[in-house]
Protein chains: 2
Amino acid sequence: MKFEAVTIKDIAKALGLSTSTVSRALRDSYEISPETKKLVLEYAEKINYHPNPIALSLKERRSRSIGVIVSEIANSFFSQSINGIESIAYNNGYNVIISQSRESYSRELLNLQYLTSRSIDGLIISVSAETKDFSYFKELHERGMPIVFFDRIVDEIETHKVIVDNYKGAYDATLHLITNGYKHIATLSNAAVLSIAKERLAGYKAALADNELAIDESLIKYCSHGGMLLDEVETAINELLELKKKPDAIVAAADKLTTNCLRMLKARGIKVPEDIALVGFSNTDLTELLDPPLSVIRQPAFEMGEVSMNLLLQLIESKRPVTEFETRVLTTELLVRGSTKKGRTKTKEIA
Amino acid sequence: MKFEAVTIKDIAKALGLSTSTVSRALRDSYEISPETKKLVLEYAEKINYHPNPIALSLKERRSRSIGVIVSEIANSFFSQSINGIESIAYNNGYNVIISQSRESYSRELLNLQYLTSRSIDGLIISVSAETKDFSYFKELHERGMPIVFFDRIVDEIETHKVIVDNYKGAYDATLHLITNGYKHIATLSNAAVLSIAKERLAGYKAALADNELAIDESLIKYCSHGGMLLDEVETAINELLELKKKPDAIVAAADKLTTNCLRMLKARGIKVPEDIALVGFSNTDLTELLDPPLSVIRQPAFEMGEVSMNLLLQLIESKRPVTEFETRVLTTELLVRGSTKKGRTKTKEIA
DNA sequence: TTTTTTTACGCAATCGTTCCCGGCAACGAT
DNA sequence: ATCGTTGCCGGGAACGATTGCGTAAAAAAA
């Protein structure tokens with residue numbers, strides 16, 4: 001099956017003109033007489049002519065499409081970010097090709113090769129939790145590919161970056177717990193190599209330190225897949241519950257960590273927040289409907305997408321190589337709900 | 001900024017060969033001597049040559065990319081479907097370009113024109129709730145564009161389609177409520193024009209009729225944006241609550257309708273399921289953590305995506321025009337949880 | 001040795017578009 | 001009458017890759 005399109009040649013033949021004349025008429029060149037232009041334009045409209053973007057790409061050595069790699073689309077933070085990216089891309093005539101690493105380095109690499117081989121004009125990426133080797137990004141960057149890192153950034157590579165103040169987000173959440181009287185606060189962290197994991201962990205530690213609470217390494221659990229696998233969260237929770245001194249609150253550092261942590265706690269019959277309080281990073285819009293309503297740190301995901309795409313456009317459309325890069329830091333928002341209320345109205349089962 | 005790629009010419013020049021020889025060597029043609037092949041292959045590997053897909057697309061008149069249009073990615077059903085589509089596409093060397101209609105006809109049309117102008121080889125679409133005019137799809141289809149409809153299909157166009165048994169899904173859910181003793185069952189329906197809305201409504205009505213329950217039109221509320229707008233759900237719920245005889249249960253016919261219905265009920269202080277029970281279509285994996293845990297009708301979204309992509313591949317790769325089309329009907333799953341339990345363990349507030 | 005076959009490669013067209021260059025009228029100025 | 005100018009348009013190369021066809025040299029057959 002094929003989809004036959006009408007070309008500039010068809011117009012030229014039908015009107016007895018050369019392809020160059022038709023091309024110029026369509027682009028409204030001053031070299032073409034008004035009558036010819038009118039003729040061409042009307043005929044083009046009539047037969048529904050659209051320039052072939054592939055031929056244009058070949059000629060102009062640009063595809064007008066950009067690549068986006070995230071760990072998974074079915075994650076509210078990322079789907080909201082993608083919405084932001086898409087909206088700006090769309091307004092600028094760019095195409096967005098989305099792919100997922102699913103937290104796997106090999107899949108990320110494969111996607112990357114695939115995207116570059118499809119000649120994308122630029123790349124927006126939040127690296128996978130497994131990625132430790134950034135040489136491929138470096139090479140790409142050195143060869144002139146415009147790249148914007150967002151969310152999970154790579155420090156070693158100098159380019160535009162978009163993040164939230166992860167340190168402050170985690171600090172605020174932890175402080176909120178402390179203020180509410182929790183003293184033995186654990187944290188569920190992402191893969192230790194991730195920039196966001198480091199920053200959030202630092203915020204958590206700083207809040208404890210600033211309030212004269214000890215930092216207990218046994219209360220810090222890493223989930224290398226960011227909570228994507230239920231198993232890793234289960235293990236982490238189990239280990240926390242086996243401690244002599246169990247935590248009375250948990251700060252979860254990623255969307256899936258937060259919801260899967262709640263899932264595991266409920267599965268074990270642990271009451272939130274009576275037995276253990278919970279606050280975490282999350283962008284799901286269902287958190288207030290959960291039992292208990294979750295206190296969350298929310299990121300401006302849509303806006304992050306918009307900013308990333310705008311920065312990428314700057315890189316792509318700059319005539320000379322860009323040497324001045326910026327890191328945009330947006331702010332998180334702490335939404336306090338039931339899962340962290342110390343003096344919460346208790347519920348009790350009655351027959 | 002530009003990203004300079006290495007071409008077949010570079011290899012030819014460096015090795016003192018013609019481009020044709022290099023091309024043939026790379027494609028392992030019998031016309032090329034083993035020594036030359038080895039030479040070319042090794043050099044290509046060394047300088048990291050990758051054929052330019054754009055040039056190939058131009059030559060072969062196919063882009064090896066397909067378009068997908070859904071109402072919004074940030075909807076679990078669609079993001080899961082996209083995962084399914086992507087996995088198959090990826091394995092077959094196809095690129096997926098995703099775009100969102102956000103339930104708007106004009107946006108859908110714009111996306112459609114954009115995608116076709118980007119010369120996609122095929123299209124997978126779930127139409128927007130606003131779409132009443134299918135002439136553009138018809139024209140596209142008649143001009144030879146391979147199309148697969150999924151979820152929200154278009155009856156008037158003969159091509160492959162992938163759906164679930166919406167009738168049975170709604171029937172089962174309604175029957176489940178009836179079995180549990182609910183008698184005054186309302187439904188929140190999607191835009192009335194949508195295929196899925198019609199089928200689900202029919203299932204709902206049939207279950208009532210089969211159990212000698214009257215069908216009361218005042219208990220049927222349409223939300224033209226599928227619950228995407230909180231307003232429309234609010235209005236619907238308000239109208240239901242103002243009835244002389246209020247419903248004792250609700251069947252929500254879409255993901256957002258289900259969760260936003262719960263949101264509105266809670267906002268009004270209505271207890272679920274004590275005052276009103278709720279069951280709805282949903283693919284979110286958080287429904288069991290909600291308060292109350294939601295009974296849902298779940299669709300095999302990932303599988304639907306896989307099937308759709310496989311059918312599209314059949315269309316694209318068929319030599320002759322396809323005239324035999326099929327409609328794959330998958331089955332839904334009813335997950336019974338707290339939101340529909342008549343004799344549910346009551347919870348009571350205590351000081 | 002001559003003819004035929006095989007091997008191994010180059011030339012050039014093609015896909016759809018843009019754009020440099022060159023050309024030919026018609027015009028006014030000298 | 002000649003020259004330069006301007007307006008308008010066509011020829012053809014180029015982007016990167018594939019491929020039918022032609023052909024030189026080497027090998028095989030006569």
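Is V22(A) buried or exposed? Select V22(A), which lies in helix 2 of chain A; helices (H or I, at least four residues) and strands (E, at least two) are DSSP runs, numbered from the N terminus. V22(A) is buried, because 26 other C-beta atoms lie within 10 Å. A residue is called buried if 20 or more other C-beta atoms lie within 10 Å of its own, exposed if 12 or fewer, and partly exposed in between, with C-beta atoms placed from the backbone.

Before continuing, note that this is a predicted model, in which local features need pLDDT of at least 70 and side-chain atom pairs count only at pLDDT 80 or more, while totals for chains, interfaces and linings use all residues. Residues are numbered from 1 along each chain as its sequence is written, and chains are lettered from A and ligands numbered from 1 in the order in which they are written.

**Around V22(A)**

Two residues are in contact if their C-beta atoms, placed from the backbone, lie within 7 Å. Then select S224(A): V22(A) and S224(A) are 202 residues apart in sequence, and their C-alpha atoms are 58 Å apart in space.

**The DNA strands**

Next, display DNA strand C, which 25 residues surround. A residue is near a molecule or strand if its C-beta atom, placed from the backbone, lies within 6 Å of it. The closest to DNA strand C are I8(A), S20(A), S18(B), S20(B) and T21(B). Chain A gives two or more residues to this surface from each of helix 1 (8-15), helix 2 (19-26) and helix 4 (53-60), as chain B does from helix 2 (19-26) and helix 4 (53-60). By class, the surface near DNA strand C holds nine nonpolar, eleven polar and five charged residues. Here Ala, Val, Leu, Ile, Met, Phe, Trp, Tyr, Cys and Pro count as nonpolar, Asp, Glu, Lys and Arg as charged, and the others, Gly among them, as polar.

Turn to DNA strand D, with 26 residues around it. T21(A), T7(B), I8(B), S20(B) and N52(B) come nearest to DNA strand D. Elements giving two or more residues to this surface are helix 2 and helix 4 of chain A, together with helix 1 (8-15), helix 2 and helix 4 of chain B. The largest share, five residues, comes from helix 2 of chain B. The surface near DNA strand D divides into nine nonpolar, eleven polar and six charged residues.

**A pair of helices in chain B**

Select helix 2 of chain B with helix 3 (residues 34-46) of chain B; their axes come within 9 Å and cross at roughly 85 degrees. Axes are lines fitted to C-alpha atoms, for helices over the stretch in contact, and angles run from 0 to 180 degrees between N-to-C directions. Helix 2 of chain B and helix 3 of chain B are therefore roughly perpendicular to each other, a term for angles of 65 to 115 degrees. From helix 2 of chain B, T21(B), V22(B), A25(B) and L26(B) meet T36(B), K37(B), V40(B), L41(B) and A44(B) in helix 3 of chain B. This contact has six nonpolar, two polar and one charged residues.

**Two nonpolar cores**

Which residues touch the most other members of the largest nonpolar core? They are C261(A) and C261(B), in a core of 93 residues. A nonpolar core is a set of buried Ala, Val, Leu, Ile, Met, Phe, Trp, Tyr and Cys residues joined through C-beta atoms within 7 Å. Center on C261(B), which touches L188(B), V233(B), I237(B), I250(B), A252(B), L278(B) and G280(B), not counting residues up to four places away in sequence. Apart from this core lies another, of 84 residues, among them L123(A), L140(A), L315(A) and I85(B).

**Backbone details**

Select V272(A) and P273(A), whose peptide bond is cis, with omega near 5 degrees. P273(A) sits in the loop between helix 11 (255-267) and strand 9 (277-281) of chain A. In chain B, a cis peptide bond joins V272(B) and P273(B), with omega about 5 degrees.

Finish at D151(A), in the loop between strand 4 (147-150) and strand 5 (160-164) of chain A. D151(A) has a positive phi of about 60 degrees although it is not a glycine. D151(A) counts as buried because it has 26 C-beta neighbours inside 10 Å.

Conventions
Parallel < 35°, antiparallel > 145°, perpendicular 65-115°, else oblique.
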